[in-house]
Amino acid sequence: MQRKVNESTPHAKGNDGSNKNNMSLKLESPLFTLHSSMTAALKPLSFYIHVPFCKAKCTYCDFYSIVGRENSIPAYLKSILKEIEQRTHKLDLSSHYIDTIFFGGGTPNLLDPKHLGQILQKLQVLLQPGEDMEIGMEINPGEANLDNLIAYKNLGVNRISIGMQSFQPHLLTFMSRIHTAEKSFSTYDDVREAGFQNVSGDLIFAVPGQTREEWVGDLERLVSMQPEHISTYSLTVEEGTALHRWVEAGHVEMLEETVDTGMYDWGRDFLEKSGYPNYEISNHAKPGFECRHNLNYWTGVEYLGFGPAAHSFFGGRRSWNIRNLDTYMSDVMNSGTGVADSELISPTMSRNEMILTRLRLAQGLNLSEFSINFGENLLQTKVDMLEKWMDKLVVSKGHLKITREGWALTDEISSDLMI
Ligand SMILES: C[S@@+](CC[C@H](N)C(=O)[O-])C[C@H]1O[C@@H](n2cnc3c(N)ncnc32)[C@H](O)[C@@H]1O
Ligand code: SF4
């Protein structure tokens, strides 16, 4: 079974509780916006901001997030602003423009709009924004009120991803979600009322205790709401989570792989028929509404991540920040950086990564791009493996793709093509 690839990296109210004046909040205009003729000469860059605060910890989640620390948001904000300033100052960004900004978590809606605005302002003054920059944020159902949503929109946020996960009360309880299905519906309505025209809903399937009928019902309900984008993640057991402990102790049994695969297959076909073709294993969108930020990760665009546990990829080097809020904040305040470590991406790593990420995409692996980048004709160098998987792979218009029958073996196929 495929593991999820999350919308954030390979990765509410503020301290005064006030929503005052949110409706009138507007981001000061960036210095200027690049038009397409100008961006053609420049390289896209993505920014990721990790917001590590949550109201409760979900049983399955191993993303870096902490509960009960919202009083640290002002200090966190100071650190983020300092990290952005100091790190971007040391880099030569003159040949880049901002293509996407993504606030992921954790729970980004715990940031007051004025805090989010400060971060956006800082980024857009430091670097030139592209003409149709995508600014996305994740929100949790029931946690972002209409005033805040309007304020986020006024600040330039133009894509919202709602973590609905399920509409079944017993599954929400199993996953320790603190919202109800009704909150997912009302939050969705609020997001629309605030004027967002690019909205995504996340659902999780293959949850212990979930029936196929429940999965069908969840997807049908979400499709009836007509979001522009739908992510469907198979529940994975991550080390360090409550779910992992329960499974290890034998208290919980995960669904059979064939059931999991059957749910995915049904979902993928249903979404395709409903106007949401799959563009990546876990992601489906109405044409033109694919998440550009994630596509950037998967197609090798450089990105800079800020906040604890955020990852970056820039100048052929990957780095990752300290996975601890307090250490991150003190390091940033002392030295201007929260980076824990970094590695240079060797040509072999880069080659393997291209195989791994591109084969998960419906568009597949562009063979001439691969050959230009690595001086290798994959159809010749891996002829034995291509023969082994010949009924699961297809070459179409210069791209190597995994067939519908082969998707469940994506990891195995990719690993055979790696060196
Ligand atoms: C890290 S969460 C952050 C968004 C938000 N806090 C929320 O809970 O919806 C992003 C998405 O990752 C998915 N996710 C996280 N852990 C997962 C797991 N172990 N298995 C499957 N999906 C997972 C969930 O669908 C979630 O919406
Ligand atoms: S799934 Fe979302 S809300 Fe739940 S702990 Fe993870 S980041 Fe927080």
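Me: Which residues are around ligand 2?

Reply: A residue is near a molecule if its C-beta atom, placed from the backbone, lies within 6 Å of the molecule. Here C54, K57, C58, C61, F63, S65, G105, G106, T107, N140 and G163 are around ligand 2. This is a predicted model, where local features need pLDDT of at least 70, side-chain atom pairs count only at pLDDT 80 or more, and totals for chains, interfaces and linings use all residues. Residues are numbered from 1 along each chain as its sequence is written, while chains are lettered from A and ligands numbered from 1 in the order in which they are written.

Me: How do the residues of the shell around ligand 2 divide into nonpolar, polar and charged?

Reply: Ala, Val, Leu, Ile, Met, Phe, Trp, Tyr, Cys and Pro count as nonpolar, Asp, Glu, Lys and Arg as charged, and the others, Gly among them, as polar. The shell around ligand 2 has 4 nonpolar, 6 polar and 1 charged.

Me: Where is K57 found, and what does it touch?

Reply: Strands are DSSP runs of E with at least two residues, helices are runs of H or I with at least four, and both are numbered from the N terminus. K57 is in the loop between strand 2 (53-54) and strand 3 (66-67). Two residues are in contact if their C-beta atoms, placed from the backbone, lie within 7 Å. Leaving out residues up to four places away in sequence, K57 touches S65, V67 and S176. From K57 to V67 there are 10 residues in sequence and 6.8 Å in space, C-alpha to C-alpha.

Me: Is K57 buried, exposed or partly exposed, and why?

Reply: A residue is buried if 20 or more other C-beta atoms lie within 10 Å of its own, exposed if 12 or fewer, and partly exposed in between, with C-beta atoms placed from the backbone. K57 is partly exposed because 15 other C-beta atoms lie within 10 Å. S176, one of the residues K57 touches, is partly exposed too, with 14 other C-beta atoms within 10 Å. S176 lies in the loop between helix 5 (169-174) and helix 6 (181-193), and its phi is near 60°, a positive value in a residue other than glycine.

Me: What about the peptide bond from G105 to G106?

Reply: That bond is cis, with omega near 10°. G106 is in the loop between strand 4 (96-105) and helix 3.

Me: Which residues come nearest to ligand 1?

Reply: Of the 18 residues around ligand 1, the nearest are Y60, F63, G163, D202 and Y233. At least two residues of this shell are supplied by each of strand 6 (159-165) and strand 7 (199-205). The shell around ligand 1 divides into 6 nonpolar, 7 polar and 5 charged.

Me: How should I read helix 2 and helix 3 together?

Reply: Two packed helices are described by the angle between their axes and the distance between the axes. Axes are lines fitted to C-alpha atoms, for helices over the stretch in contact, and angles run from 0 to 180 degrees between N-to-C directions. The axes of helix 2 (residues 73-90) and helix 3 (residues 113-126) come within 10 Å and cross at roughly 5°. Angles under 35 degrees count as roughly parallel, over 145 as roughly antiparallel, 65 to 115 as roughly perpendicular and the rest as oblique. Helix 2 and helix 3 are therefore roughly parallel to each other. The residues of their contact divide into 8 nonpolar, 3 polar and 2 charged.

Me: What is the order of the open sheet of 3 strands?

Reply: Strands of a sheet pair through backbone hydrogen bonds, either parallel or antiparallel. Two strands pair if DSSP finds at least two bridges between them. This open sheet has the order 15-17-16, with antiparallel pairing. Strand 15 (365-366) and strand 16 (393-396) are the edge strands, each pairing on one side only. Strand 16 and strand 17 (residues 399-402) pair over 4 bridges, with S396 opposite H399. In the hairpin of strand 16 and strand 17, K397 takes a positive phi near 50°.

Me: How many residues of strand 14 are buried?

Reply: The count is 0 among the 6 residues of strand 14 (residues 339-344). Strand 14 pairs with strand 13 (residues 317-321) in the antiparallel sense over 5 bridges.
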